[in-house]
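Please follow the aromatic side chains through the structure shown here. The paragraphs below take up a contact between a charge and a ring, and then the pairing of rings with one another.

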Amino acid sequence: MSIKGPLFSEYSLTNDVYDEMFDKKSVRSPYSSLFHYINDISAMDLAKKEELAKKIFISQGITFTVYQSGEGIEKIFPFDLIPRIITASEWEFIEKGITQRLKALNLFLIDIYSDQFILKDGIIPIETIYSCPHYLREMQGMPVPHQIHIHISGIDLIRDTDGSFLVLEDNLRTPSGVSYMLENRGITKRILPDLLPRNNVRTVTNYPNSLYQNLVDISPRSSQPTIVLLTPGIFNSAYFEHSTLARLMGIELVEGRDLVVDDHKVYMKTTNGLKQVDVIYKRVDDEYLDPLVFNRASLLGVPGLLSAYRKGNVALVNAPGNGVADDKAIYVYVPDMIRYYLNEEPILKNVITYQLSILEEKEFVFANITNMVIKRTNASGGYGMLMGNSATEIEISAYKEQVNLDPRSFIAQPIINLSTSPCYIDEKIQPRRVDLRPFALYGPNGIEIVPGGLTRVALRKGSLVVNSSQGGGSKDTWVLSKSKQDA
């Protein structure tokens, strides 16, 4: 297909890749208005909009931290100004699929920390659970308010070559990126103000209010609860997000040293003395949460916090121990969980995944390693991956040695051609690979999925890695209302 317009002169379509804006014959109808806008605007005006977006990000300090050679380097979060569009019918399918998945995962966490029926019935091997570093025996038999473990989640989705959505992974511990979703929308309102109402784009800006209400609803004390966001501090890679969410919700941003436990209750130190805390939105990893129970050297947590939680005097969001459910070795079993707990067939499918702890699967992966991506089961941020199609023989050999030392800690998946989306790069519109992280809130009144999410972009030409720590960026995600005709 020949795409007309000077800005699209370097835009090429690939047969085995789904493109978000174009099919093989024409512009997809949901993108029609956006496409014509880009074609009608001058290259100079588009460049000015990109420069304005960069200045806003810099002035507002919208940053993330990349860890290189043991050092944390703070960078401005890359933003692409061409939004990604999802139709109403596509979003309805995504909502149903994520809701089903979260219900099953939450039931799994309830079960795995109580009766463990799923293990007794042989659906998941016992050794797979007990070898998981994020399975917390301290949570066994722990009462969890409202039986909700997964208050906040980010489920990563990709498109297959036929345009269907697949789940890449589940983020159920401390999912990050929602602040960038909100900032991206704010920037879009500045640089493309007319296009949002013209395309009937649903809002994402209610997220802080919805999250705050969910936090209020799980408070052990019903009247005017005190809610705090617990951060590891300014050197954490997601500190911008922590401070942004605390500000938007109107709650205190605290570090472990600001809290103290007395008589199994949590208090915040203030200039007027101690004030009891009812709900903690924790952005500290579980292993650092309570030095009396987990890592005794931790200075990030609060001594005695888990005892206060066990007594029901404070609610923790997300619940400790969720890591066992987003371990990549457990991901393989989520479709089985849906069938087991809900007696339903999965709406959203998994990516084909091989467990390298199973000898036959490991041998198959090693024999086809140039077509595989191998990941650590408990790593994130794109760290520790091997992309078989771009790795050298030396890198492959060294990685195989690591796998053989601890096969349980690795899974493999076929390299999937992520869908492409138009991006403004070097003063031209070019295709780049994208994924999508919708954010879901699970409260006493049900599951709410924000109509948008974070579209992450692999900004490097030819790259399939969208993580910001690996050179990726993001763009605004438009979910169209039902009044806007679907493709």
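**Aromatic contacts in the predicted model**

In this predicted model, the charged end of Arg 137 sits over the ring of Tyr 130, at 5.3 Å from the ring centre.

Contacts between rings come next. A pair of aromatic rings is described by the distance of the centres and the angle of the planes. In one of them, the ring centres of Phe 8 and Phe 22 are 5.8 Å apart and the planes stand at 90 degrees; since an angle over 60 degrees counts as edge-to-face, the pair is edge-to-face. Both Phe 8 and Phe 22 belong to the segment before helix H1 (32-40), so the pair ties together parts that are 14 residues apart in sequence. Phe 8 is buried, its relative accessible area being 1%, and Phe 22 also counts as buried, at 1% relative accessibility.

Another pair is formed by Tyr 354 and Phe 364, whose ring centres lie 5.3 Å apart; their planes meet at 40 degrees, so the pair is tilted. This pair links distant parts of the chain, with Tyr 354 in strand S14 (residues 354-355) and Phe 364 in helix H14 (residues 359-367), ten residues apart. Tyr 354 counts as buried at 18% relative accessibility, because the cut-off is under 20%. Phe 364, at 39% relative accessibility, counts as partly exposed.

Key. Residues are numbered from 1 along each chain as its sequence is written. This is a predicted model: local features need pLDDT of at least 70, side-chain atom pairs count only at pLDDT 80 or more; totals for chains, interfaces and linings use all residues. Side-chain values use heavy atoms; hydrogens and water are left out. Rings of Phe, Tyr and Trp (its six-membered ring) pair if their centres lie within 6.5 Å; planes under 30 degrees apart count as stacked, over 60 as edge-to-face and the rest as tilted. Helices (H or I, at least four residues) and strands (E, at least two) are DSSP runs, numbered from the N terminus. Buried means under 20% relative accessible area, exposed over 50%, partly exposed in between (1.4 Å probe, protein chains only). A charge sits over a ring if NZ of Lys or CZ of Arg is within 6 Å of the ring centre and within 35 degrees of the ring normal.
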